[in-house]
Amino acid sequence: MLMPVLAGFFIMGFCDMVAPVTSRIAAEFPPESRRFVDFLPTMVFLWFLLLSIPVAAWMNRWGRKRTALLGYAFTFVGLALPFVAGEGCSLGIYFAGFGLLGVGNTIVQVAVNPLLATIVPSARMTGYLTVGQIFRNVSLLLVAPLVTLFAAWTGSWRGLLLLYALLTVVGGIWLQAVAVPEPDVRTDAVRFADCFRLLRNRTVLLCTGGVACFIAADIGINFVAVRLIDSPMSMLTSTGFYACRIVGTLVGAWLLIRYSDVKYLLLNMGVALGLCIALLFVHDRIAIYAITGVLGFAMACVFATFYAVATKAAADRSNEVAGLMILAIAAGVLPGPVCGAMIAWTGNPHAGIWFPSVCVGYMFWAAERLARNQSKIKDYA
């Protein structure tokens with residue numbers, strides 16, 4: 001049961017390829033149109049804002065596995081559309097395709113995270129979610145090498161779209177073939193207010209903000225990092241970031257079984273904040289590669305920790321918590337326009353790092369609050 005569900009995390013990573021390939025898509029269009037390409041990541045992540053809560057409510061009636069399979073279908077169409085349209089297609093095709101990709105990814109993320117929670121022990125959920133992030137990070141790690149490989153073989157990066165579309169079909173068939181136990185389907189309607197009422201829980205509120213800032217920082221760092229190095233090899237910053245994140249998730253999966261998840265998060269966010277500040281001033285190419293890589297390691301277990309802590313704080317409302325957590329991923333709409341505007345305004349690509357730095361600063365503060373709350377609970381017990 002575990003492997004086909006974890007494969008869903010690999011498919012989740014497909015939407016994150018949009019930010020690294022925007023520079024290649026921009027090269028297909030005249031200069032006056034390129035500023036609109038920066039909004040392609042926005043088109044993907046907009047649907048997390050619009051659909052996550054309705055999908056979470058609908059999933060109570062339809063089931064998590066069937067909801068995930070629907071998300072796979074949208075993901076396939078979103079990837080296949082710009083590939084079938086061919087080289088030189090209009091920018092509108094990219095927006096439509098990546099929009100459908102965003103719809104599919106929203107549905108997949110709302111469904112697969114709680115689906116995993118049904119087959120693993122609650123005490124180990126942070127560790128298993130971290131393992132899921134390893135699968136997701138592998139798909140992100142492969143983006144730059146595959147883009148380079150397809151460009152060398154065919155003269156175009158677009159073969160990546162076909163490959164990911166086919167892998168989505170394989171993942172859907174695999175999940176369909178396996179019987180995964182689920183909670184009893186609920187017939188009661190879940191309203192928007194029911195989900196947002198969970199934000200009265202301070203832990204859920206802190207974690208929702210943490211997930212939003214994590215996604216914004218993650219996309220922002222990769223958006224800016226490729227622009228800090230004036231070289232055709234600049235996408236290696238993304239490769240290094242996700243390679244080190246995989247190492248970080250492996251280390252985290254081992255440590256989180258033995259140590260406090262929020263204290264580990266606090267340590268990593270302190271390191272990440274210092275590295276973001278350093279990246280504002282560093283211009284050496286090797287140093288930028290190194291800093292970006294260590295940032296990937298430091299941010300490896302962030303999503304899993306925030307998600308698991310929030311779910312434990314409202315264990316009887318796990319579908320609604322999933323909706324809130326995935327809603328927070330809508331923060332991915334911000335880095336492209338915000339970082340792009342800061343770079344354009346100052347004429348300095350390093351200025352774009354300010355935005356993810358602020359996001360990391362919030363995560364450090366939230367981790368400190370969660371660690372303090374956890375200590376108080378233990379003292380009371």
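Author: A charge is said to sit over a ring if NZ of Lys or CZ of Arg is within 6 Å of the ring centre and within 35 degrees of the ring normal. In this structure, which is a predicted model, Arg-227 lies over the face of Phe-223, at 3.8 Å from the ring centre.

Reader: Are Arg-245 and Asp-218 buried or exposed?

Author: Both Arg-245 and Asp-218 are buried.

Reader: Which parts of the chain does the salt bridge between Asp-261 and Lys-312 link?

Author: The side chains of Asp-261 and Lys-312 meet at 3.9 Å, N to O. This pair links distant parts of the chain, with Asp-261 in helix H13 (residues 261-279) and Lys-312 in helix H15 (residues 302-313), 51 residues apart. Asp-261 is buried, with a relative accessible area of 9%, whereas Lys-312, at 43% relative accessibility, counts as partly exposed.

Reader: And where do Glu-368 and Arg-372 lie?

Author: Glu-368 and Arg-372 both lie in helix H18 (residues 354-380), four residues apart, which is about one turn of the helix. Their side chains meet in a salt bridge of 2.6 Å, N to O. Glu-368 counts as partly exposed at 23% relative accessibility, and Arg-372 counts as partly exposed at 38%.

Reader: Turning to aromatic rings, how many aromatic pairs does the structure hold, and how is a pair described?

Author: The structure holds seven aromatic pairs. A pair is described by the distance between the ring centres and the angle between the planes, and an angle over 60 degrees counts as edge-to-face. Phe-150 and Trp-153 form such an edge-to-face pair, 6.5 Å centre to centre and with 85° between the planes. The two residues are three apart in helix H8 (residues 143-154), which means that Phe-150 and Trp-153 are separated by about one helical turn. Phe-150 counts as buried at 15% relative accessibility, whereas Trp-153 counts as exposed at 64%.

Reader: Which residues do ring pairs link into a cluster?

Author: Ring pairs link Phe-10, Phe-14 and Tyr-164 into a cluster.

Reader: Which residues make the nonpolar surface patch?

Author: Phe-76, Val-77, Val-169 and Ile-173 make a nonpolar surface patch of about 320 Å². Helix H5 (64-85) and helix H9 (159-177) are the elements that give two or more residues to this patch. Ile-173 is found in helix H9 and is exposed, with a relative accessible area of 56%.

Reader: Finally, how do I compare separation along the chain with separation in space?

Author: Each pair of residues can be read in both ways, by counting along the sequence and by taking the distance from C-alpha to C-alpha. Gly-99 and Trp-47 are 52 residues apart along the chain, and their C-alpha atoms are separated by 7.6 Å. Gly-99 has its place in helix H6 (residues 91-117) and counts as buried at 4% relative accessibility. Arg-158 and Leu-101 are 57 residues apart in sequence and 15 Å apart in space, C-alpha to C-alpha. Arg-158 is in the loop between H8 and H9, and Arg-158 is buried, with a relative accessible area of 4%.

Conventions: Residues are numbered from 1 along each chain as its sequence is written. This is a predicted model: local features need pLDDT of at least 70, side-chain atom pairs count only at pLDDT 80 or more; totals for chains, interfaces and linings use all residues. Side-chain values use heavy atoms; hydrogens and water are left out. Rings of Phe, Tyr and Trp (its six-membered ring) pair if their centres lie within 6.5 Å; planes under 30 degrees apart count as stacked, over 60 as edge-to-face and the rest as tilted. Buried means under 20% relative accessible area, exposed over 50%, partly exposed in between (1.4 Å probe, protein chains only). Patches are made of residues with over 30% relative accessible area and no salt bridge: like charges are joined within 9 Å, nonpolar side chains (Val, Leu, Ile, Met, Phe, Trp, Tyr) within 5 Å. Accessible areas come from the Shrake-Rupley method with a 1.4 Å probe; for residues, only the protein chains shown count as cover. A salt bridge is a side-chain nitrogen of Lys or Arg within 4 Å of a carboxyl oxygen of Asp or Glu.
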